[in-house]
Amino acid sequence: MRQVLSLNQNWYFSKGEEIPANASEAAENGWRKVEIPHTYNAFDGQDGGGDYYRGKAVYIREIQRPEVPADARIYIEWEGVNSIAEVFVNGNKKKEHRGGYSAFRVDVTEELKADRAVLAVLVDNANHSDVYPQMADFTFYGGMYRDAKMIVVSPTHFCLDYYGSQGLAFQSKIQGEDAKISLSAWITEPQESDAVQFEIIDEEDHTVAECFVPAKDCVETAAWIRAVHLWQGVEDPYLYTVIARIIRHNEVLDEVEADLGVREYYVDPENGFFLNGKSMPLRGVSRHQDMLGKGNALTEEDHWDDAYQIAELGANTVRLAHYQHNQAFYQACDALGFIVWAEIPFISAMNSDPRGHENCREQMKELIYQNFNHPSICFWGISNEITIGGERPGLYENLVDLNQLVKELDPTRLTTMAQLSMLPKDSSQNQITDVVSYNLYFGWYGGSYTMNEEWFDEFHRMHPDRPFGVSEYGCEGIISWHSDTPKCKDYSEEYQAEYHEHMAKIIEERPYLWATHVWNMFDFGCDARDEGGVKGRNNKGLVTLDRKIKKDAYYVYKAYWSKEPFVYITGRRYAKRPYDTMTVKVYSNQSQVTLTVNGKEVETKCADKIFLFEDVKLDETVNCVTASAEGCPSDTVTWIRTEQPDSCYVMPVEEEDDREGVKNWFDEADGDEQLPELTFEEGYYSVRDIVADLLNDERACTILLDALNKYGTMQVKKSRLGIMSGLPAEDMIGMVAPNLETEEIILKRTNAALQTIAKKDN
């Protein structure tokens, strides 16, 4: 029988690429002993500056052959290593895996015939032109950040060598009150007398279906579940379990299992998503996989805790951005009933390297093969905001190819993509996938939040037969900043709440939106950012990066989506109030709320989700305010009445960047002057240097920024270039230039200017 043994302990780690002979040598040389999951960017990837370490590191440990039969096969599985992993056993390279978010395995059977072996993994999270993501607004944490394990199997076993998959796949078809379950399994080294048993059990552990078929390389059969209990999303996420066994005579050689949720769905362009024939407007959040002080090295418990917080919100869908997530989280989504949009990291910009597209295809295959059985996944995403880097030659064709690939691998699910807001509504890209969504930030990056509904309705009028959704929307909310008159870009908790009050309302009024996903459920690391006085993170989350504090905006959606009765008083962190009377705002999903101040009832109001109690007197210096509703716990906040406003609640205003730098040089270079040739004199900067190195030199940084701002399509600040810090400048320029002609101008003139600046001595 199969054994699965944890390999999370006893690793030694060091940055660099020199691999010692064994773990003892690593320990003697002062290497750190670490436990997996581990990332080497847990802190520098969240502290700002865009300067986190992007490079190579080595993990090494010894592995021992377990007490198993002599003919056993032994694999090592990594659930995620970002982003390139080279696996060495006893100094010999066994495998290279390019892609940081999917599982892969290595067969070490021969190496462990000697009982012990040295296992080393060379990890690299630097930029490579053939590995996605190329650039994005989040930290690319490096390391072995998901579990590692040893899998021991019989020579005859469910296949472990195909794209990290399980060797078992199934799908369901509802037939009246019953369901047909199509079952497939892939067997390594089956013998003629072997059989495969499929057993389906319900949540009460009763066998509801069973069948046996002769074993061969690929077996296919079907079973029927009578009076089937459907998987009805968050309303009733009922799961069966499919168990597959390889049997030889009177012995089970191998066994695998997976959850089965029986469901069917479709999307109507006018009325949205339907699950098992029932209308189910998809309203939820997006999620990244990192936490404060942990980076992306989360435990299984962390993943489940995230899922429970999303469930408490009342969401019924999760967009898992922007890459394949941990199996623990997909399992949580199955169990809690979330409808999942899963995607690959084809994001922001396409690299012209044709090997990059092959990497996209490989990552898509891994995503689908490794996650085919999850009932929660209903949509495969092929890209996100891919036109940030411009509509490069071949982009449309690559998107079409990815969509076709998905349809070949899994014709049972729908395809989707998340479009940049600036992509024209009539773009041909919007016709590639089954459904489409846009990332829209009116009310934050530009315009007012009332422009969102205008945009929604206009797209729907233009494309009445096209299912359309909102894949991202949101704004920053920092719990230190507060205002009685909130406005865009003040980063206050009040503006974020006001923005989401509006968005929740207009979304509820538009059933044609097939899905909407708040950006984001949690604040997340982006080392290049410096927003609202907080470095190194994106603060658009409804919950803080450490998962400790739910912002006011969280409770807006709880009022709209959750069935759990609650009341919540907003503005609690704005503790000092410089006035005698105030408006108290309460969120609740109850129809009636009563407000009490210092033990005296003030008023009982009836309202829908948002309750405003105006001209509430603050009688004392310290005022205890309580909101209550029948059938749920009350909520109490303390406010302090003061004579003067407290400046601690107002974000310091940043000075405008009025640097002129070398703009005159570029101005003088206009006209018919011939473009300079590309030269690369050693010891001087050039466009072959990575962006991070140019940003660290004031003169080089100025040249790069001024070139982009003169010839590009939008104004660029230093902090925004940080998301591309690991790219060579020539690659970054190729991604952000509006066209090929302008790309050549920026490239050659920037390089000529950089070649006049000697690099500082190390």
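1. Strand E14 is largely enclosed by the rest of the structure, because six of its seven residues are buried. Buried means under 20% relative accessible area, exposed over 50%, and partly exposed in between, with a 1.4 Å probe and protein chains only. Strands (E, at least two residues) and helices (H or I, at least four) are DSSP runs, numbered from the N terminus.

2. This is a predicted model, in which local features need pLDDT of at least 70, side-chain atom pairs count only at pLDDT 80 or more, and totals for chains, interfaces and linings use all residues. Residues are numbered from 1 along each chain as its sequence is written, and side-chain values use heavy atoms, with hydrogens and water left out.

3. E14 belongs to an open sheet of four strands, in the order E15-E14-E19-E20, with antiparallel pairing. The edges are E15 (207-214) and E20 (251-260); each has a single partner strand, so one side of each lacks a neighbour in the sheet. Neighbouring strands are turned by 15 degrees against each other on average, direction ignored. Two strands pair if DSSP finds at least two bridges between them.

4. E14 (residues 195-201) pairs with E19 (residues 240-248) over seven bridges, in the antiparallel sense. Ile200 has Val242 of E19 as its bridge partner. Glu199 stands opposite Ile243 in E19.

5. E14 and E15 also pair in the antiparallel sense, over seven bridges. Ala195 has Pro214 in E15 as its bridge partner. The hairpin of these strands has five residues between them, and there Asp205 takes a positive phi near 70 degrees.

6. Helices H2 (residues 300-313) and H3 (residues 327-336) have axes that come within 9 Å and cross at roughly 35 degrees. Axes are lines fitted to C-alpha atoms, for helices over the stretch in contact; angles run from 0 to 180 degrees between N-to-C directions. The H2 and H3 crossing is right-handed, meaning that the near helix is turned clockwise from the far one by less than a right angle.

7. Residues of H2 that meet H3 include His303, Trp304 and Tyr308; on the H3 side, Phe329 and Leu336 are among them. By class, the contact has ten nonpolar, two polar and two charged residues.

8. Ala575 lies in the loop between E34 (567-569) and E35 (576-577). At 23% relative accessibility, Ala575 counts as partly exposed. Beyond neighbours within four places in sequence, Ala575 is in contact (heavy atoms within 4.5 Å) with Thr638, Trp639, Ile640 and Tyr649.

Key
Ala, Val, Leu, Ile, Met, Phe, Trp, Tyr, Cys and Pro count as nonpolar, Asp, Glu, Lys and Arg as charged, and the others, Gly among them, as polar.
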